[in-house]
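Here is a short report on one protein chain. The sequence and the model come first, and the text then moves from a single contact out to the whole fold.

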Amino acid sequence: MVSVSDFTKYFKDGIWIITGQETIPCPICGGTLAVRGTCKRKLRKESDDTMALRLRVLQCKDCNKTHRELPEGIVPYKRHD
């Protein structure tokens, strides 16, 4: 998981689409990350409402590891805000 602080988000078809605006190196080897695709993630809010997110999947060109781009404020591996 890669946390981004500078991102754009917009709402389309009931899903918040998150796109990072900054260039982040691979957290494992420091290599260049390229966009590989997207994935869906659900986030449960305090009011028991769920919010669907579409996150970019990034792959390192050097070590081939994949990472999800998470907006700042969302805790990795947790489904609650």
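## A buried charged pair

The side chains of Glu 69 and Arg 56 make a polar contact at 2.9 Å. The model is predicted. The contact is also a salt bridge, with the closest N and O atoms of Arg 56 and Glu 69 2.9 Å apart. The structure holds 1 salt bridge. This pair links distant parts of the chain: Arg 56 sits in strand S5, Glu 69 in strand S6, and 13 residues separate them.

Are the two partners buried or exposed? The cut-off for buried is under 20% relative accessible area. Glu 69 has a relative accessible area of 2%, so Glu 69 is buried. Arg 56 has 19%, so Arg 56 is buried as well.

Glu 69 belongs to strand S6, which spans residues 66-71. Its side chain has another polar neighbour: a polar atom there lies 3.1 Å from the backbone nitrogen of Gly 20. Leaving out residues up to four places away in sequence, Glu 69 touches Val 2, Val 4, Ile 18, Thr 19, Gly 20, Leu 55, Arg 56 and Leu 58.

| Pair | Atoms | Distance |
|---|---|---|
| Arg 56 and Glu 69 | closest N and O atoms of the salt bridge | 2.9 Å |
| Gly 20 and Glu 69 | backbone nitrogen to a polar side-chain atom | 3.1 Å |
| Cys 63 and Cys 26 | C-alpha to C-alpha | 8.7 Å |

## Two nonpolar cores

In soluble globular proteins, nonpolar side chains tend to be buried together. Which residues make up the largest nonpolar core here? There are 9: Ile 18, Cys 39, Leu 43, Met 51, Leu 53, Leu 55, Val 57, Leu 70 and Ile 74. Strands S4 (33-44) and S5 (50-60) each supply at least two residues of this core. S5 gives the largest share, 4 residues.

Ile 74 is one of the core members. Beyond residues up to four places away in sequence, Ile 74 touches Arg 41, Leu 43 and Leu 53. A second, separate core has 7 residues, including Val 2, Val 4, Ile 24 and Leu 33.

## A cysteine in the loop

Cys 63 is in the loop between S5 and S6. Its relative accessibility is 28%, so Cys 63 counts as partly exposed. Cys 63 touches Cys 26, Ile 28 and Cys 29, not counting residues up to four places away in sequence. Along the chain, Cys 63 and Cys 26 are 37 residues apart, yet their C-alpha atoms are separated by 8.7 Å.

## The whole chain

The chain has 6 strands and 0 helices. From the N terminus the order is β-β-β-β-β-β. The radius of gyration is 13 Å, close to the 12 Å that the globule rule gives for 81 residues, so the chain is as compact as a globular protein of that length. Along the principal axes, the C-alpha atoms fill a box of roughly 40 × 25 × 20 Å.

Of the 81 residues, 32% count as buried. The accessible surface comes to about 5500 Å², and 45% of that belongs to carbon and sulfur atoms. Among contacts between residues at least 6 apart in sequence, 53% join residues at least 24 apart.

Conventions. Residues are numbered from 1 along each chain as its sequence is written. This is a predicted model: local features need pLDDT of at least 70, side-chain atom pairs count only at pLDDT 80 or more; totals for chains, interfaces and linings use all residues. Side-chain values use heavy atoms; hydrogens and water are left out. Buried means under 20% relative accessible area, exposed over 50%, partly exposed in between (1.4 Å probe, protein chains only). A polar contact is a pair of N or O atoms within 3.5 Å; within protein, one must be able to donate a hydrogen and the other to accept it, and residues adjacent in sequence count only if both atoms are side-chain atoms. Contact means heavy atoms within 4.5 Å. A nonpolar core is a set of buried Ala, Val, Leu, Ile, Met, Phe, Trp, Tyr and Cys residues joined through side-chain atoms within 4.5 Å. A salt bridge is a side-chain nitrogen of Lys or Arg within 4 Å of a carboxyl oxygen of Asp or Glu. The radius of gyration is taken over C-alpha atoms; the globule rule is 2.2 Å times the number of residues to the power 0.38. Accessible areas come from the Shrake-Rupley method with a 1.4 Å probe; for residues, only the protein chains shown count as cover.
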